[in-house]
Amino acid sequence: MTKVAKKDGQHVVPADGGGWGVRREGSERLTSRHETQREAIEAGRSIARNQKTELYVHGTNGRIRERNSYGNDPHPPSG
């Protein structure tokens with residue numbers, strides 16, 4: 001069985017001390033910090049588009065609530 005390498009993605013997460021942050025998958029450090037989740041989503045979307053990766057938006061509880069692909073999707077929607 002072949003193991004597929006996981007693509008790096010950008011995560012919009014609640015930031016320690018308040019606000020929201022964007023961080024690269026697997027990283028502890030924030031790439032950027034923002035006052036609102038909306039601002040963090042815009043910044044994360046821009047990075048994900050540039051890098052052709054996924055954007056994961058987490059809720060205040062830390063769980064992923066939304067996911068968007070900006071890369072080469074291996075299974076594009078039909079029709």
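Which residue's side chain meets that of Glu54 in a salt bridge? I looked it up and found Arg67, at 3.0 Å from N to O. I count a salt bridge when a side-chain nitrogen of Lys or Arg is within 4 Å of a carboxyl oxygen of Asp or Glu.

A note on my source: this is a predicted model, where local features need pLDDT of at least 70, side-chain atom pairs count only at pLDDT 80 or more, and totals for chains, interfaces and linings use all residues. Residues are numbered from 1 along each chain as its sequence is written, and side-chain values use heavy atoms, with hydrogens and water left out.

Next I placed the pair. Glu54 sits in strand β4 and Arg67 in strand β5 (residues 64-69), so the bridge ties together parts that are 13 residues apart in sequence. Helices (H or I, at least four residues) and strands (E, at least two) are DSSP runs, numbered from the N terminus.

Then I checked accessibility. Buried means under 20% relative accessible area, exposed over 50%, and partly exposed in between (1.4 Å probe, protein chains only). Glu54 is buried at 13%, whereas Arg67 is exposed at 55%.

Arg24 and Asp8 meet at 2.3 Å, N to O. Arg24 is in strand β2 and Asp8 in the segment before β1 (9-14), so this pair links parts 16 residues apart in sequence. Arg24 is partly exposed at 42%, and Asp8 is partly exposed at 29%.

Last, I visited Thr53, in the loop between α1 and β4. Thr53 counts as buried, with 6% relative accessibility.
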